[in-house]
There are 4 protein chains.
Amino acid sequence: MMNAQATPAEIANVVAHVRARGYRPIELPGADRLAIGVLGSNPAAIRDAVVALPGVIAAIPVSKPYKMVGLEWHPERSVVAVGGVAIGGGSLTVAAGPCAVESEQQLVATATGVAAAGASLLRGGAYKPRSSPYSFRGLGAEGLDHLRRAREITGLPVVTEVLAPADVALVADAADMLQVGTRNAQNFSLLEAVGESGKPVLLKRGLSNTVEEWLLSAEYVVAHGNPDVVLCERGIRTFETATRNTLDLSAVPLVQSLSHLPVIVDPSHATGHRHLVPAMALAAVAAGADGLLVEVHPSPDDALSDGPQSLTLEQFSQLMNDVRRLVTALRHELVGGPSHGPG
Amino acid sequence: MMNAQATPAEIANVVAHVRARGYRPIELPGADRLAIGVLGSNPAAIRDAVVALPGVIAAIPVSKPYKMVGLEWHPERSVVAVGGVAIGGGSLTVAAGPCAVESEQQLVATATGVAAAGASLLRGGAYKPRSSPYSFRGLGAEGLDHLRRAREITGLPVVTEVLAPADVALVADAADMLQVGTRNAQNFSLLEAVGESGKPVLLKRGLSNTVEEWLLSAEYVVAHGNPDVVLCERGIRTFETATRNTLDLSAVPLVQSLSHLPVIVDPSHATGHRHLVPAMALAAVAAGADGLLVEVHPSPDDALSDGPQSLTLEQFSQLMNDVRRLVTALRHELVGGPSHGPG
Amino acid sequence: MMNAQATPAEIANVVAHVRARGYRPIELPGADRLAIGVLGSNPAAIRDAVVALPGVIAAIPVSKPYKMVGLEWHPERSVVAVGGVAIGGGSLTVAAGPCAVESEQQLVATATGVAAAGASLLRGGAYKPRSSPYSFRGLGAEGLDHLRRAREITGLPVVTEVLAPADVALVADAADMLQVGTRNAQNFSLLEAVGESGKPVLLKRGLSNTVEEWLLSAEYVVAHGNPDVVLCERGIRTFETATRNTLDLSAVPLVQSLSHLPVIVDPSHATGHRHLVPAMALAAVAAGADGLLVEVHPSPDDALSDGPQSLTLEQFSQLMNDVRRLVTALRHELVGGPSHGPG
Amino acid sequence: MMNAQATPAEIANVVAHVRARGYRPIELPGADRLAIGVLGSNPAAIRDAVVALPGVIAAIPVSKPYKMVGLEWHPERSVVAVGGVAIGGGSLTVAAGPCAVESEQQLVATATGVAAAGASLLRGGAYKPRSSPYSFRGLGAEGLDHLRRAREITGLPVVTEVLAPADVALVADAADMLQVGTRNAQNFSLLEAVGESGKPVLLKRGLSNTVEEWLLSAEYVVAHGNPDVVLCERGIRTFETATRNTLDLSAVPLVQSLSHLPVIVDPSHATGHRHLVPAMALAAVAAGADGLLVEVHPSPDDALSDGPQSLTLEQFSQLMNDVRRLVTALRHELVGGPSHGPG
């Protein structure tokens, strides 16, 4: 869009710049000012090429910057299989477990408990990203062994985080799904590495990533050959400090209107407070999420990481009962629900 | 908290300042540093008195700044009656209607439609706050007359916004509930005026207000003699621009853990996009909200204000069917539901 | 912008809606999709009319929503005279004084001190907006009398805040400039009232207002007949809690590229910490601000409001020396500087 | 802090939990409620252990979580030497160059130009993090060779970004300083790798990192054996979209009050608009920054990355003249200024 007082020379200069990049400019005269339309495949490049030229008021990209993850060109919704458990396709899948793997005993007790309550995936961190170098950062390879053992015992496929490209092979050997955490949501080397791993990827939204940036990060994974991406909303950073983050549940229907990838919700990191988790888990289900990721610990007050936001096994079991009622009311199906349920 | 290298003179100075304000300081020696505890009724005043003194690292208030709206001293939950319709108390109350009152015909058609679909309150703006002085700002007193007429016809009590202390008497004469909008959430003159109005107040959360600030605004109304306050979460301002605001649904259980006041949710202003409204309305119900405030317009594409976020009457009717299923599953009761429902 | 799969019927529908509003649509066919350009004077109305129609991907307004405050149609920069002191026009004007007027003695001592140090305007609040109803809210009419007295003694014109339309006449009788505070930045009744007051207006940016919204609020004042508006950047609300707000200094050159109105900076409320104020005051001068608004108190640790962010008279005097050096280096002129300076 | 109605059993339970972690609890009875003080070295662990226990209202950590980068235990300010050029110590150091290295010719022209204008370090990206996988991502190893060549010709030490732990050795072989970008500010594997690299590190603040988190990321680098860290403020993510990010200049004096590490400012990424860069560069100098990082391109409108925010060589030269005047007025010294200056 040109300034109302833009000179013919300024207009000609913009037109020339657009042509020099190989695009076709269209002049759109108006009452107040001239607009110049440009049609092409790389909107950001065009915008950068002209936005600072003399006489230009604004340059506004209009096509979506992602392609492979977008609904526009891929209207069928994706279902991602994780060790035999499906995420997406109209049912609800619950992954649960401790924030950090602390011991075989802690993990197996949790896994057994969440399986009995109706979870169909086990989550647990062997490698933990921590803001402080002095916090507990996970058991590493030993934690992976505990995850293998818990899977043997419970049959639950395992979701666990990977922090660095160099660890992808090691973690992928133990895990059924690789989690990319919020602080690594734009760690493009890691996105490429999990894109080449052959394992499904759980991509958390970055703390301050727009939905568009999140989808672009997913595009990195898919563009490196891995179509099995599940998005996870886990709260964004805002001015509100009463909760750990602000859970952006509207991202669920929004993502579903833009992308064919499944989207699940982590109410534990989003709120940071155990007493807020059940309400937000139910809200996520009602918003249409394809699944939940819930932190559960057999003894949260003794947890080495994120205890305050972890449910006890009893609380998780009660939550799953409420989830079941909601899923029925909304005419969805709970993945793994019937066989694991208490009835 | 004192600096690790704080001198005895600096410590004595802090102690003296605290005593000079009439409070009792308690010294708490630690490994690294000294903490000085102060107990009293006005934490902000104490903090301001000492935070900038030499040797002080931080001053941290620990008691809640609100009293009358807080759950700590008033553990019974409030139920607010609006023209005979209750908000709070475990049931779900739905207010619906157009963003702006445009004509008697438009309003009556909408009111009749939302009543038939199961709404129990009518919303509609006669005075509209608009960012631009050139936007449509409402019909004013004529709009109030249309609201009176719609109430006569449908029996629905009316919720409408008031923008200035000078308008409170006029609007209160027509309305069953006075709405204070997001841009006026810290307009303290207006809060005092509605506090003296004798009518229930719907207090929207300010665009960038913390939950604590929101409760303090409610405290203004209650402290001026009006206990009938309902809080309304309507989205906060964040970095995400794909939605009009970011609906902070975690504020629902959070407010319920801090205050006895009912809290409802406005998914229309929060998302700004019609196709996101039903999912977020259902999510609000599942999160435990005491009610919904939904924009409905018989012909949204012709609306003078906020058309893109308004549901059609058909969409609203479908939403109410889903809400009913959810309310049943969650064992709540829908206020006015049975008598107004389509069956 | 239309969806890539938009049908001819969807396109015709959009075209019809645009025409029905009295605007002229222009079809812009592209490789992937169709864009429809619309040229007219009310971009928000057009956007609302079409954004939710079937097949529409996005509706993007391109002309500025403000006119009278914009530089595009009013390229000469405004200079606002406040009781004989100019703000704008390439010089630097400093307003200083206490957050709240506490007593005649406190105010006169501060006013005398800041005048001696080189300030050319006196600031001080008689009516204070406070988040809590239990905080000190100002002396009211008595405070206005103290301001009159301080002006008599020092000759400094007075800037003070007005909170409600009903108070405008009273405050305007005492003040040389009316301040509209951050919480009232979108209190449109108040903006209209100060627009009709005949006194210059200092319009603080709302806590979460974009620069565009801020300019629209200024447009309210100017559109009600008052061209004498000075904008004041005072920090916005972000996720960072180490400072009271986040001072958005880039708003200074940005506003100057969009509007002809002068813009000044309040480093006191922006940072909330006395030790950060001088650095940010100097930064504001270097960024090109037309003035500063600084909180100064003869004994900040005894202040009834905002003590932690107030400078002592000695600190303010030192700051003014640094400001003078900076103004000289940048070849500006300090308003009132030479005659009031300590030399 | 305990609830006002906390029972003796709840209080005893908190005391027991604190003791079980090896810390000493101190009871602080007050008018309204009981506070329990705990003194120990890992405040986050204590908080997590008690915050969700019954009867607990809040758990508030009071000691700083970083040690090695903090001013409290290391009061002497650090000066970091980069290939013979000092950053910190009261002088101002300017790094300039293109966003991306595009060709030897482009880089050498830029380097020669910025050296002549008074820059003392050359910046330029060979590996570029980009939100979209379809954007230009840098020349890689070939870009490193161009940087070596530009250093040979101009004598300017080189600052360039490293994206992955696996690239650290390769990049460190060519660079005098390793940059960790905003999206990797909490990529802890990368922070550890540059901590072991033996090269000085330029650590950009994460898009949504608090100052405390930023200092903790610096602590990672220092704790891995590398004391040579320079912090770089480059704008944070807020609701304002008129600028690319919001430059948080108050972080400069704030960091200087908390840490001994030098802090510089990048006005180019912060604003995203060339016409705002000079004002914000001067503001950064006035705020007390130890240096600037400025994007300069011989022909910005042809740049492959970030052209709209790059200065031309002429604009940069003019900016350096203004910087020099400011540095003189503030009685600082411009590193490399006299020998490279045009005079």
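**Helix and chain packing**

Helix α3 (residues 104-117) of chain D packs against helix α4 (residues 141-154) of chain D at an angle of about 35°, with the axes 9 Å apart. This is a predicted model, in which local features need pLDDT of at least 70, side-chain atom pairs count only at pLDDT 80 or more, and totals for chains, interfaces and linings use all residues. Residues are numbered from 1 along each chain as its sequence is written, and chains are lettered from A and ligands numbered from 1 in the order in which they are written.

Q: Is the crossing of α3(D) and α4(D) left-handed or right-handed?
A: A crossing is left-handed if the near helix is turned anticlockwise from the far one by less than a right angle, and right-handed if clockwise. By that rule the crossing of α3(D) and α4(D) is right-handed.

Q: How do the residues of the contact of α3(D) with α4(D) divide by class?
A: Contact here means C-beta atoms, placed from the backbone, within 7 Å. On the α3(D) side are E104(D), L107(D), V108(D), A111(D), T112(D) and A115(D), which meet H146(D), L147(D), R149(D), A150(D), I153(D) and T154(D) of α4(D). Ala, Val, Leu, Ile, Met, Phe, Trp, Tyr, Cys and Pro count as nonpolar, Asp, Glu, Lys and Arg as charged, and the others, Gly among them, as polar. The division is seven nonpolar, three polar and two charged.

Q: Which helix gives the most to the side of chain B that touches chain A?
A: The contact takes 36 residues from each of chain B and chain A. Helices are DSSP runs (H or I, at least four residues), numbered from the N terminus. Among those supplying at least two residues of this side are α7 (211-223) and α11 (313-329) of chain B. With six residues, the one that gives the most is α10(B).

Q: Are α11(A) and α11(B) roughly parallel or roughly antiparallel?
A: Helix α11 (residues 313-329) of chain A and α11(B) pack at an angle of about 150°. Axes are lines fitted to C-alpha atoms, for helices over the stretch in contact, and angles run from 0 to 180 degrees between N-to-C directions. Angles under 35 degrees count as roughly parallel, over 145 as roughly antiparallel, 65 to 115 as roughly perpendicular and the rest as oblique. So α11(A) and α11(B) are roughly antiparallel.

Notes:
Contact = placed C-beta atoms within 7 Å.
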